[in-house]
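Please keep the sequence and the model in view while reading.

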Amino acid sequence: AAALTGEQNADEMRMAGNKVEFLSNKAGGILGGISTGQDIVVRFAVKPTSSILTPRRSVDRNNRDVEVRTKGRHDPCVGIRAVPVGEAMMALVLADHVLRQRALTGKV
């Protein structure tokens, strides 16, 4: 979305009978922090792990230049483990908002 113009990224609306209908869902179902009633679509990115076997430059606690060599078994693809963590966090956030809505209005 950051690479698009406002015109390319806008979710236009029209009336469908007595109901408002979105013509697209580029906002992922959330506008201004409020659900539009559309499907909520979430995307996230995970940075590559820096603990690789290739020696890397760093600085020690005495402010000296050092070379760090990671040893042992390190998985270069943390993305496989990140997906269920991201899904669980999204479920927790949605459940939290359902509980807030119930506390404020008595309804879900």
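By about how many helical turns are Arg 100 and Asp 96 separated in helix H2? Because Arg 100 and Asp 96 are four residues apart in H2, about one helical turn lies between them. An α-helix has 3.6 residues a turn, so residues three or four places apart point the same way.

The model is predicted: local features need pLDDT of at least 70 and side-chain atom pairs count only at pLDDT 80 or more, while totals for chains, interfaces and linings use all residues. Residues are numbered from 1 along each chain as its sequence is written, and side-chain values use heavy atoms, with hydrogens and water left out.

Helix H2 covers residues 79-105; helices (H or I, at least four residues) and strands (E, at least two) are DSSP runs, numbered from the N terminus. The 27 residues of H2 should span 39 Å at 1.5 Å a residue, the expected span being 1.5 Å times one less than the number of residues. The end C-alpha atoms of H2 are 39 Å apart, in agreement with that value. After H2 comes Gly 106, with a positive phi near 80°.

Arg 100 and Asp 96 form a salt bridge, their closest N and O atoms being 3.3 Å apart; the term denotes a side-chain nitrogen of Lys or Arg within 4 Å of a carboxyl oxygen of Asp or Glu. Arg 100 has a relative accessible area of 49% and is therefore partly exposed, a class between buried (under 20%) and exposed (over 50%), with a 1.4 Å probe and protein chains only. Asp 96, at 35%, also counts as partly exposed.

The structure holds three salt bridges. Another joins Asp 60 to Arg 64, with 3.2 Å between the closest N and O atoms. The side chains of Arg 69 and Glu 67 also meet in a salt bridge, at 3.1 Å from N to O. Arg 69 is exposed, with a relative accessible area of 53%, whereas Glu 67 is partly exposed at 49%.

Helix H2 also contributes to the largest pocket, giving five residues, the largest share of its lining. On a 1 Å grid over the protein atoms alone, a pocket is an open set of points where a 1.4 Å probe fits, with protein on both sides within 12 Å along at least five of seven lines; lining residues have an atom within 4 Å of a point. Among the lining residues are Ile 30, Gly 33, Met 90 and His 97.
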